[in-house]
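Subject: Structure handover

Hello,

Here is the structure you will be working with. My notes on it follow below.

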Amino acid sequence: MFGSLKRAVKFILAICIYYSGLLALLSVLKRIRADKNNFTILIYHRILDENDSERDHIQAGIIVSRKIFEKQMAYLSKEYNLLSLKELAEILEKNQYPPSKSIVITFDDGWRDNYLCAYPVLKKHNVPATIFLATDFIDSDNMFWFAEIGMILAKRKIPPEKLWEILEKARKESKNISTPQSSDSHKPAADSIDSDKFIEGLKQFDHQIITRIIAELWKEGGVSSERTAVDRQTLSSDEVLEMSENGIDFGSHGCSHRILTGLDRDEVKRELIESKRILEEKTGKTISLFSYPNGDFNEEIKKLVREAGYDCAITTGGREIDKGALDLFALKRIGIHDGATAGPTGRYSEAIFACLLEKIL
Ligand SMILES: [Zn+2]
């Protein structure tokens, strides 16, 4: 109830700000003072058709519908200065100011729908974009663990109490092997666990524990063969090469997509160096951009990214205004998904999208 009221108020404010011309005025005022922070980087994950059957078991926070994506790209190419992340990094490296109204489009993970659904739209509107790939998943039928869990939970109705029990067990197990990420701050209440909260809660654990939990979840209600019946979800080498030769840039998102802050130094180095090598081999181009899995990093990891030969790295959390010096190894991004740009009826609102781009509301 409170959520829908908040959504309605936000929508009304966005409509007033956008259609009164106030947003355009705020945008001009914001840009009078030359500022190196005068750009916005957007992060997309999956672009899916409205009737795609995958939609019922994917975290809503990573989907943009193809038609909405098309509207967004049409709007951006008309109203904004679209730069590639590589161009932005070069400008910032030279200590110069990005052009006024600069927007950068990025995609994380390397989903196959980036080729099938996003790429034709990007080409049509001549929009530069960078896709960050986790190299273990190229040409592979393996699923990202969070996608696999989403699918299991959609197929099997596992009660919240059982999910809570699984998290508690993992928390104890994690403490025994003292993984640095284990913390009680991720602890949801037993009766409020849904698929998204369960996946968020699991992110703190070591990959071995997550793999064990996936096996356990498949067994709940009987072993199934559905795991093998899934179409390839991530990009192939051929799709990467075709896009790379036609204006799409690629960057590394690690090899395994494991969160780097939970790995030891040698594992982090392997993720950084090996993924760079594989992508350079596949595209024939230098790979100089890195995206931290889950946006997580620390000072040591930033240093290792630089040492591995990257020029720029990106994270999440892009709605916070960067008051300090600009950090080329921690550029923030704004996450775009259907829910973030929807009005009270659930329909796409250009006014909300426009306010989001200007970091207003
Ligand atoms: Zn990712």
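Leucine 356 is buried, because 21 other C-beta atoms lie within 10 Å of its own and the cut-off for buried is 20 or more. Leucine 356 belongs to helix H13, which covers residues 350-357. Setting aside neighbours within four places in sequence, leucine 356 is in contact with Ile334, Ala340 and Thr341. Take threonine 341 from that list. Threonine 341 and leucine 356 are 15 residues apart along the chain, and their C-alpha atoms are separated by 8.0 Å.

Please keep in mind that this is a predicted model.

**Overall picture**

The protein has 361 residues, and 37% of them are buried. Its secondary structure comes to 13 helices and 10 strands. Consider the contacts between residues at least 6 apart in sequence: 71% of these join residues at least 24 apart.

**Helix H5**

H5 has 12 residues, 113-124. The expected span takes 1.5 Å times one less than the number of residues.

The buried residues of H5 are Asp113, Asn114, Tyr115, Cys117, Ala118, Tyr119 and Leu122. What do they pack against? Two of the partners are helices: H3 (66-79) and H10 (237-244). The strands are E2 (46-48), E5 (102-109), E6 (129-133) and E7 (248-252).

**H3 against H5**

Two packed helices are described by the angle between their axes and the distance between the axes. For H3 and H5 the angle is about 25°, and the axes are 10 Å apart. H3 is therefore roughly parallel to H5, because angles under 35 degrees count as roughly parallel. The crossing of H3 and H5 is right-handed.

From H3, the contact uses Arg66, Phe69, Glu70 and Met73. From H5, Cys117, Ala118, Val121 and Leu122 meet them. By class, the residues of this contact are six nonpolar, no polar and two charged.

**H11 against H12**

Helix H11 (residues 265-283) packs with helix H12 (residues 299-307) at an angle of about 40°. Their axes are 10 Å apart. The crossing of H11 and H12 is right-handed. H11 gives Val268, Lys269 and Leu272 to the contact, and H12 gives Ile301, Leu304 and Val305. The class count for H11 with H12 is five nonpolar, no polar and one charged.

**Two positive phi angles**

Most residues other than glycine have a negative phi. Which residues should you look at here? Aspartate 109 is one: its phi is positive, about 95°, although it is not a glycine. Asparagine 126 also has a positive phi, about 55°, and is not a glycine.

Aspartate 109 lies in strand E5. Aspartate 109 has 24 C-beta neighbours inside 10 Å, so it counts as buried. Is asparagine 126 buried or exposed? With 10 C-beta neighbours inside 10 Å, asparagine 126 counts as exposed, because the cut-off for exposed is 12 or fewer.

**Two buried phenylalanines**

Phenylalanine 146 lies in helix H6 (residues 145-155). Phenylalanine 146 counts as buried because it has 22 C-beta neighbours inside 10 Å. Beyond its neighbours within four places in sequence, phenylalanine 146 is in contact with Gln59 and Ile199. Glutamine 59 and phenylalanine 146 are 87 residues apart in sequence. In space they are 8.6 Å apart, C-alpha to C-alpha.

Phenylalanine 290 lies in strand E8 (residues 289-291). Phenylalanine 290 is buried because 29 other C-beta atoms lie within 10 Å. Not counting residues up to four places away in sequence, phenylalanine 290 touches Gly251, Ser252, Val305, Tyr310 and Ala313. Val305 also belongs to the contact of H11 with H12. Phenylalanine 290 and phenylalanine 250 are 40 residues apart in sequence and 9.2 Å apart in space, C-alpha to C-alpha.

Best wishes

How values were computed: Residues are numbered from 1 along each chain as its sequence is written. This is a predicted model: local features need pLDDT of at least 70, side-chain atom pairs count only at pLDDT 80 or more; totals for chains, interfaces and linings use all residues. Helices (H or I, at least four residues) and strands (E, at least two) are DSSP runs, numbered from the N terminus. Two residues are in contact if their C-beta atoms, placed from the backbone, lie within 7 Å. Axes are lines fitted to C-alpha atoms, for helices over the stretch in contact, and angles run from 0 to 180 degrees between N-to-C directions. Angles under 35 degrees count as roughly parallel, over 145 as roughly antiparallel, 65 to 115 as roughly perpendicular and the rest as oblique. A crossing is left-handed if the near helix is turned anticlockwise from the far one by less than a right angle, and right-handed if clockwise. Ala, Val, Leu, Ile, Met, Phe, Trp, Tyr, Cys and Pro count as nonpolar, Asp, Glu, Lys and Arg as charged, and the others, Gly among them, as polar.
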